[in-house]
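Here are a few exercises to work through with the structure open beside you. Try each task before you read its solution.

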Amino acid sequence: MIKSLMITAAICLGATTLASAQTVGFSQIGSESGWRAAETTITRQQAEERGIDLKFSDAQQKQENQIAALRSFVAQGVDAILLAPVVATGWDSVLQEAKEAEIPVVLLDRKVDSDESLYLTAVGSDLVHEGEVAGQWLVDNAGEGECRIVELQGTTGSSPAIDRAQGFRNAIEGKDNLEIVRSQTGDFTRTGGKEVMESFLQAENGGKDICALYAHNDDMAIGAIQAIKEAGLKPGEDIKIVSIDAVPDIFQAMAAGEANATVELTPNMAGPAFDALEAYRNDGTEPKKFIQTESKLYTQNDDPQEQYEARKDLGY
Ligand code: GZL
């Protein structure tokens, strides 16, 4: 009798343990770009598929909102935290609080300057390499003559803005015909890209003195394309355009000859993040501190219409 009760109890406990959904807090930056929207969509899908109860917080691009969200997740006693950090600095104390509460934190798509002991792992691309791939495309396609480049930078102080700027400069270093003549943040948004590009065009002889645009993401490039067309110039021809993310709309622009190249960034950062958390929870496996996603160049030679079709329903 006692043995059967013990077996029953063990089965129930086992079932309870398996059924006890992991609760994960996700502090997302906002919805500033198509890529960011896709990352959120895929994170929700990945959580649902794994039976994870996802507590979602949209920070509206404000670090103070992210810090408040992390403190709320700690107070709720979540099992883990996903953080896409809007900027690279200012995270030490709140990450220390999560560590003291023994809640593992996984960084998504951007990095922080904090000591790596304060987070379990970071999932993302090599942001410097992305800039180098974009810069090398321009080196290979700008021709021999003078090429005055304008740059739309990402959110000031964010790791992609810092690293993508550095990578592009690494690639064009020593190329005397290539020069970045104007550089300004468009905050990773289409509106920002359009408004800043309008000022670049005005300052550069109506755009006639601009040879190329390097945008830290496709959304700013798409906004800039609108501004270039309104200035009576042909984007992709009069001004070559290279950017990063590989969102569907940049492939539509490429198919129309209005954009030239993009470096792909997968929006599925949550899959590797949840895998690392599961291994850590199940048997204490410590993941590498950086789980790198790949960066692939796409140009007008890569059937942009097909690339658009392959991405258009992924939640961008
Ligand atoms: C880069 C990511 C950037 C995307 C933008 O890893 O943080 O943030 O390139 C997004 O589209 O705003």
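**Exercise 1.** Find which residues touch the most other members of the largest nonpolar core, then work out where this core lies relative to the two domains.

*Solution.* Keep in mind that you're looking at a predicted model.
- Step 1: the largest nonpolar core has 71 residues, and those touching the most other members are Leu82, Leu108, Met197, Leu213, Ile239 and Phe274.
- Step 2: look for the top contributor, which is helix H8 (residues 218-230), with seven residues in this core.
- Step 3: check the domains. Domain 1 (23-124 + 266-294) and domain 2 (127-265 + 300-311) both supply residues, so the core lies between them.

**Exercise 2.** Pick Met197 and list what it touches, skipping residues up to four places away in sequence.

*Solution.* 
- Step 1: now look for a second core. There's a separate one of 18 residues, with Trp137, Cys147, Leu178 and Cys211 among them.

**Exercise 3.** Turn to the ligand: which of the 13 residues around it come nearest, and how much of its area does the protein bury?

*Solution.* 
- Step 1: the nearest of the 13 are Glu32, Asp109, Arg110, Arg164 and Asp245.
- Step 2: go through some distances to ligand oxygen atoms. A polar side-chain atom of Asp109 sits 2.5 Å from one, a side-chain N or O atom of Arg164 is 2.8 Å from one, and for a polar side-chain atom of Asn217 the distance is 3.0 Å.
- Step 3: finish with the area. On its own the ligand exposes 320 Å², and the protein buries 100% of that.

Definitions and conventions:
Residues are numbered from 1 along each chain as its sequence is written. This is a predicted model: local features need pLDDT of at least 70, side-chain atom pairs count only at pLDDT 80 or more; totals for chains, interfaces and linings use all residues. Side-chain values use heavy atoms; hydrogens and water are left out. A nonpolar core is a set of buried Ala, Val, Leu, Ile, Met, Phe, Trp, Tyr and Cys residues joined through side-chain atoms within 4.5 Å. Buried means under 20% relative accessible area, exposed over 50%, partly exposed in between (1.4 Å probe, protein chains only). Helices (H or I, at least four residues) and strands (E, at least two) are DSSP runs, numbered from the N terminus. Domain bounds come from an automatic or database domain assignment. Contact means heavy atoms within 4.5 Å. A residue is near a molecule or strand if one of its heavy atoms lies within 4 Å of it. A polar contact is a pair of N or O atoms within 3.5 Å; within protein, one must be able to donate a hydrogen and the other to accept it, and residues adjacent in sequence count only if both atoms are side-chain atoms. Accessible areas come from the Shrake-Rupley method with a 1.4 Å probe; for residues, only the protein chains shown count as cover.
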